[in-house]
Amino acid sequence: MRELLELSALELGAAIQKGEASIAEATQAALDSMAEHEGSLNCFITQAGEEALARAAALQAGAKGAESPLYGVPMALKDNICTRGVRTTCASKILGDFAPPYSATAAERMAQAGALSLGKLNMDQFAMGSTTETSFFGPTRNPWDTARVPGGSSGGAAAAVAARACWFALGSDTGGSIRQPAAYCGVTGMKPTYGTVSRYGLIAYASSLDQIGPIARTAADCAAVLDAIQGRDPRDATSLDAPAGGLLSSLTGDIRGMKIGLPADCFGEGLDREVRAAVLSAADVLKARGAQVEEFAFPLMDYMVPTYYIIACAEASSNLSRFDGVKYGWRAQGYEDLTDLYCKTRTQGFGSEVKRRILLGTFVLSSGYYDAYYKKALQVKALIKGAFDQAFAKYDLLLTPVSPTTAPRLGESLTDPLKMYLSDIHTVPVNLAGLPALSMPCGFDSAGLPIGAQLIGPALGDGAVLNAAHAFQLETDWHKRSPYGKEAE
């Protein structure tokens, strides 16, 4: 059964439909891998092995002729995506025993496609962090080097896919939380156009920036997942009434004549030499496939991180005010009155990084500082959107690094939060502009750590992003590499 672990999600789905593999065999193989590596990685907060095996048995009868190419393929969910009756903690103490009475639309749609969940994945608490070290349930470790972080906040998802504990996962991306851990763990992660995937049932961090998306082995796997979960949802007022589906069938790998821009400002000071070389090599591969690649000036990079953190923290301070110990979640004991209940519950229930961002957000929204910080950040956000519009008037896609470095060591980022925030410089612009972007493995550094390249497209250009990544993966095998020394055939 171990050979099943090296198949992509689509390859496994095809094997299941052909009768070459059973859903139970695939599920057990993933559970065995989870049992082997979970002790050293800590990818999962809640494991659902028995439930997964029971669902595998129920699904098997419908395997032949299934409409979805992901039918019967084991997956997992980031623990801020609600699942009815299954605890959804946001990796926090305050929601440590919360079992939602409903499921997220994305989770429902994956279930309708016949996928089965192996459990809920570790993350930075309330998705606030870039390392998955702020989790109340302990840090996740990188499968390529357990002394390193897997990235965040979807670090548990990226590590689980890389460790062959599931074939794909649903994560959330507010400022790079799918793409950055995918890069650190050597897998593929896609942040779709804002509004193309419903946020209903996603516990909000920053509502104007959050987006659910897939982490998988390949761009084709990501396309298949997005085909299943994209589409208008009346329960989410921000979901777009735009055409959905057809992403997988549109993957031709033909990128002849495509114009790809390299923002020169993304390749300057602060970028690791080996990361730069790997991403530029990826550009050469795309050029060899027929794309036109050229550098161009992309201003405003110095304003990306402060603009993002002002807006994200402002929205977080509002969104997290609902966690007060009254209606649901953990409640502190020994309080004197309602104000004391709020204070003690939040002081004891939130971690230090969450409290730091709530304080920052409350500050920038306060009456004396709103115009100086929050209003100005919104104005810069509009300028950033305009800069992308200008770039896409000339180029079909942009190619950048995902992160300035490969995965840092555990503890390094927590001792220097500003350094952790700056690591998001290449990913946060995409969320500020609501654009689709994908992280794909493009090499390794001298320490054997994965490097990711980022493809960015215009709004609703998800198909072009996926096709370019697919073309790259037809020419390379970085996405097939395993941290345990095995490569797919």
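Modeller: Take the charges to begin with. The protein chain has 43 positive and 51 negative charges, and their mean positions are 3 Å apart. Lys and Arg count as positive, Asp and Glu as negative; His and the chain ends are not counted. Each charge is placed at NZ of Lys, CZ of Arg, CG of Asp or CD of Glu.

This is a predicted model: local features need pLDDT of at least 70, side-chain atom pairs count only at pLDDT 80 or more, and totals for chains, interfaces and linings use all residues. Residues are numbered from 1 along each chain as its sequence is written, and side-chain values use heavy atoms, without hydrogens and water.

The protein chain has 15 helices and 11 strands. These are DSSP runs, numbered from the N terminus: helices are H or I with at least four residues, strands E with at least two. Of the 489 residues, 60% are buried, meaning under 20% relative accessible area with a 1.4 Å probe, protein chains only.

Now strand E5, residues 188-191. In a regular strand the side chains alternate between the two faces of the sheet. Both faces of E5 are covered. Thr188 and Met190 are buried on one side, Gly189 and Lys191 on the other.

E5 has two antiparallel partners to describe. With strand E6, residues 212-216, E5 pairs over two bridges. Pairing requires at least two bridges found by DSSP. Thr188 has Ala216 of E6 as its bridge partner. With strand E10, residues 437-444, E5 pairs over three bridges. Here Met190 has Leu438 as its bridge partner.

How values were computed:
Buried means under 20% relative accessible area, exposed over 50%, partly exposed in between (1.4 Å probe, protein chains only).
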